[in-house]
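Subject: Structure for you to look at

Hello,

Here is the structure I promised. Please open it first, then read my notes below.

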Amino acid sequence: MKKIAILTSGGDSQGMNSAIRAVTRSALANNFEVYGVRRGFKGLIDNDFVKLGTKEVSDILYRGGTFLQSARSESFKTPEGQAKGVENLKAKGIDYVVVIGGDGSYRGAQALHRHGIKTYGLPGTIDNDIPLTDYTIGFDTTLNLVTDLVGNLRDTMSSHERVSVIETMGRNCGDIALQAGIASGVDAILIPEVEPDLEKVAASVKAGFDRGKSHSIIIVAEGAGEAPEVAKKIKELSGLDTRATVLGHIQRGGSPSSFDRVFSSRLGHRVIELIQEGITGVGLGIESNQLTHHTFDEIFNAKNTIDLKLYQIFQDLV
Ligand code: F6P
């Protein structure tokens, strides 16, 4: 009987649970034996496996987080850590491993592949920063969440005639800020992909208040700056009452959106098809609504880009 293990690694994201469920149930339907690895690559080194049946993955489709839990393992970056993980997999007779996570997790997946383990990557991160996929698991949920939170802040900023500077996650990628900013109709978006001009932003915010606006919202991606510092600068330049909000980890929780549930279900199911097609050592994704897969080398050699046309659209609509 073929054996497959699933692990989630790095920062969690909404939809990881639905991806685990999809891989597990598709594998069981094809007579695989399925294992979950607890706490990502750390669990691989610690030999922390749990057998998964259909019952173990029931009631998780709509839950945020990852029931297998996650970790950022420094040890798995070392040759000794990798050798130990591979040894544990081989001792259990596990032929296939599915790694659900972001960029760092894909590095771990690539290492496993190089050690001869048949490995598959599913893009699980809210950041939407993995090359060769239009979306990552969790991004859509986070986008909806941030859009709601910006709405809440707008209410109170409006009552007090204030400027709100809101910091979103995303590491070096501005996609959460950009798309949530467009969806929320904010006044300025600061992202790492576009050189910021705070003087221009302050002048346009001030002009808005002079025209009678009751509030102003500036959204800043964490890769482009820190909200408290940006807020201080905007206050200095505009003289307006300004507040900073760092959204932080609240962006990573909550029930996955329908999109993320369907997307992760499709990806999880596709892994088992790829196994049957004899394709291995790949990260999966979605491009133009078609599921795709690329080797880890192809993914690491490609550059993640955001859609700068969206930034242009924002500028024309603001
Ligand atoms: O990669 C996901 C992410 O949430 C980033 O957006 C953020 O920079 C980072 O993880 C936060 O990491 P941690 O949960 O370790 O604080």
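A word on the record before we start: UniProt positions are given in the numbering used here, feature names are shortened, and annotations may be inferred rather than shown by experiment. Residues are numbered from 1 along each chain as its sequence is written. The model is predicted, so local features need pLDDT of at least 70, side-chain atom pairs count only at pLDDT 80 or more, and totals for chains, interfaces and linings use all residues.

**Asp103**

The unreviewed UniProt entry annotates Asp103 as "binding site". Asp103 sits in helix α4, residues 103–114. (Helices are DSSP runs of H or I with at least four residues, strands are runs of E with at least two, and both are numbered from the N terminus.) Asp103 counts as buried because it has 20 C-beta neighbours inside 10 Å. The cut-offs: 20 or more other C-beta atoms within 10 Å is buried, 12 or fewer is exposed, in between is partly exposed, with C-beta atoms placed from the backbone. Beyond four places in sequence, Asp103 is in contact with Asp129 and Ile130. Contact means that the C-beta atoms, placed from the backbone, lie within 7 Å.

Asp127 is buried, with 28 other C-beta atoms within 10 Å. Leaving out residues up to four places away in sequence, its contacts include Gly102, Met169, Gly170 and Arg171.

Those four residues are also around the ligand, as is Asp127, and the others include Glu222 and Arg252. (Near means a C-beta atom, placed from the backbone, within 6 Å.) Domain 1 (3–138 + 256–301) and domain 2 (139–252) both give residues to this shell, so the ligand lies between them. The domain bounds come from an automatic or database domain assignment.

**The cores**

The largest nonpolar core has 47 residues, and Ala5, Ala19, Val97 and Val98 have the most contacts inside it. Helix α1 (residues 16–29) gives the most to this core, with six residues. Apart from it lies another core of 38 residues, among them Ala177 and Leu190. A nonpolar core here is a set of buried Ala, Val, Leu, Ile, Met, Phe, Trp, Tyr and Cys residues joined through C-beta atoms within 7 Å.

Best wishes

Note on methods:
Contact = placed C-beta atoms within 7 Å.
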